[in-house]
Amino acid sequence: MTTLDHAVIRRKAKLWDRLYPYFSVLLPILVIGLFTIYPVLYAVRISFYQYILTKPKVHPFVGLANYIEVVTSYYFRNSLINTAVYTVAAVIGITLFGLGVALLLNSKIRSANALRVIILLPWAIPAVVGGLIWKWILNSDFGILNGILYAAGFIKEYIPFLANPNLAKLSLIMAAIWKEGPLAAIFFLAGLQLIPNELYEAAKIDGGGGWKIFRHVTLPLLKPIILIVVIYETITAILVFDLIYVMTGGGPGDATSMISWFAYAEIFKNLNLGHGVALAVIIALIILALILAYLRIIKYEEVVG
Amino acid sequence: MEGSSIWKKLLVLLVLASFIIGCQPPAQPTPEAQPPAVEETQPPSEAKPVELTFVTWSYGVETIADNIKKFQERYPNITVTHKDYSWLEYHDTMVAAFAAENYPDLVYGSDHWLQEWASAGWLVPIEDYCPDVKEYSAELAPYALEGMTYEGKVYGLSYYADTIDFVYNEALLKKAGFDKAPETWDDVYTMAKALKEQGLQYPIIMAWSQKEGAFPEAWTSMVFSQHEGHHALFDADLKPTFNKEGSAAYQIMEWLVKVYNEGLFNPASLTTAEIDQVKAMQAGQAAFTIFPQYNMAEVNKPGSGEYAGQFKIALMPGKSHATVGYVRFYAMTPGVVNKGPEYIDAACKFLHYFGGKTDGQYLVVKRWAVENGLGFAQLPLYQDPDVIAAFSSWGDVPTIEQQAKLARSKEGLTTWYGAWDIFARAEIHKAILGETPIVDALNNMANKWLELAQ
């Protein structure tokens, strides 16, 4: 083999080495481009046009009109307030429920192993099925919750939970805690099991009681997990749709109309795709802001840690 | 770094390419196919196999399947694939399919969606493709024909047509000392109050879940009944007239708020669907309700409960006793037209069989009436002995006829009626719950109407 042949082979190998990384990521980039970037850009584009489904041939450019119309409407403000109330209550509830259950499962109670599996069940059930289960539990004629409360003498007549604006909101929050709580519990349990026993033993030797140990040992070490749970559940709560769809349909009145439901209603009830997509873009921006905040917090935690 | 700069270039290229694609003009819908000449709709000499898709809401699916089976036996070259969706989800499911131009061939339609669907080009006028369907028009109840007509063209053949009726439990009323039906909304209030005092927790129940399509029809019936003549909701120029203090709509809203606040109106009504409403009536949980007439066969079905046979129709209480008459119908989509003459011919045969006459008889319509108690638009069926016998088993035929004569189609059936009707449901809820003053709720409904009209 001549020196020239070697040089050609080396040049080809060098070229291949340089190109290989690009070839290997080409397919994922194409997939992401086709199924994520393109639809997002297309949706953003639609949001600048009047797009009424009953007028399939007329799509004039309207600039920011869709955004202005939805943002200035009473229904946007109402759904935003509903979403904020629901999100705050659901995230607090899920976090407390998850933490409580995780502490219970991390204890030495005999049934902890079996409970670990059972507790995950609501999370494994599809949200639509979970919503139907809760709709039946809360039914004002034959719901088991009414039955129990009535039998125990707490109520004199059955309560129409889903027909009362405040109770309907509360019912949705309860269903969300039931549905999402188990996942939070598993996160917390994983975090608890990573805390070295020596820390607890040292705290006990120093005379720490249950609450003090929890306050000064467990809680600080669980902080990253709490952050993950809070951010994840906030995003899930803002995007809630299936529970509303099944349980309340946004009612009574517009008491449980959240922002994602509002977007759905604009598209499928008002048949205004432009409005609906503008709302979807706004929701995406809110979620994006939350993700960025989450990434910054994680980065800060890493640096401080 | 060179590598990093190539990466950046690639990314920029990708984003630019996506943006360029994303910014291209939206795909234009295919031009509407022109109606074929009449001779093209004639059956071809050698019948080619044709597969039609037929989408309905989930009611009487076994009967539908049997009707399809009989139709296929009659026309062996035509195969019909049936798909059904819940009534509560039907509109949204169909809109999603239509918007994606994923047309089934034949669908159930309704008068309150016709303008919306026809103006969008999601349905085609059947009289352009099956010219002989116009011959049925003379035999149809005017409100039903109106409900299937858009811009002067007939878009469907009636699956069933019914009135929204006021129904009471005669046994409960007699027990409370009332021996005749209420004639006004004040009568209903007085009777409900007496029934409540005697232990009936909520004498009035409605199926007014926001997903329930019959909710606005029931509310509109109440408004019609409290109004003399036409224009109870809109004037001749389609301007709202209901948002004035003292209007029939205002009076009805006042009445609803009163019965709600006094615990006469089951608050669960705001989340109740029709099936639960029927069950609550059968169980004697309420004495008064408003529902589509076809439910009478179910509530009075022998053996269906303690009160079977005790449910009676009264003329809609109020000043005029008017009510809403509505029609649901078989409709054809552009999907059939795009597939060509064989499909058009098969679809026309289907429409004639299901909504028209076969061997001189309204076979399928009559079957629904006799077996399920569904009302009909085809007036000659009122003289049919089988229909009279069937209807007599659950209702008082003279009252049914009298109410049918007082029925009229919903006012304001426009392309935006469907969107407005959904919006109105939430406003009616808020007024009943006391979250919004009645006038504000009615004004919101009027403003939304004007906004949609623009």
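Reader: What pLDDT does chain B average?
Author: Chain B averages 88, and 90% of the residues score at least 70. pLDDT is the predictor's confidence in each residue, from 0 to 100. This is a predicted model, where local features need pLDDT of at least 70, side-chain atom pairs count only at pLDDT 80 or more, and totals for chains, interfaces and linings use all residues. Residues are numbered from 1 along each chain as its sequence is written, while chains are lettered from A and ligands numbered from 1 in the order in which they are written.

Reader: Where in chain B is the pLDDT below 50?
Author: Over residues 18–45 of chain B. Beyond near neighbours in sequence, that stretch has 35 contacts in the model; a contact means that two C-beta atoms, placed from the backbone, lie within 7 Å. Where pLDDT is low, the predicted coordinates should not be read in detail.

Reader: OK, and what ipTM and pTM does the complex get?
Author: The predictor gives an ipTM of 0.77 and a pTM of 0.80.

Reader: How many residues does each chain put into the contact?
Author: Chain A gives 30 residues and chain B gives 34 residues. On the chain A side, the largest share is seven residues from helix H1 (residues 3–46). Helices here are DSSP runs of H or I with at least four residues, strands are E runs of at least two, and both are numbered from the N terminus.

Reader: Switching topic: which domains does chain B have?
Author: The assignment gives domain 1 (44–162 + 326–391) and domain 2 (163–325 + 409–453). Those bounds come from an automatic or database domain assignment. The C-alpha centres of the two domains lie 29 Å apart.

Reader: How many residues of domain 1 are in contact with domain 2?
Author: 20 residues of domain 1 of chain B, facing 20 residues of domain 2 of chain B. On the domain 1 side, H4(B) gives the largest share, six residues.

Reader: What about the largest nonpolar core, how many residues has it got?
Author: It has 211 residues, and Phe350(B) is one of those with the most contacts inside it. Such a core is a set of buried Ala, Val, Leu, Ile, Met, Phe, Trp, Tyr and Cys residues joined through C-beta atoms within 7 Å. Buried means 20 or more other C-beta atoms within 10 Å of a residue's own, with exposed at 12 or fewer and partly exposed in between; C-beta atoms are placed from the backbone. Domain 1 and domain 2 of chain B both give residues to this core, so it lies between them.

Reader: And which residues does Phe350(B) touch?
Author: Not counting residues up to four places away in sequence, Phe350(B) touches Leu52(B), Phe71(B), Val80(B) and Leu106(B).
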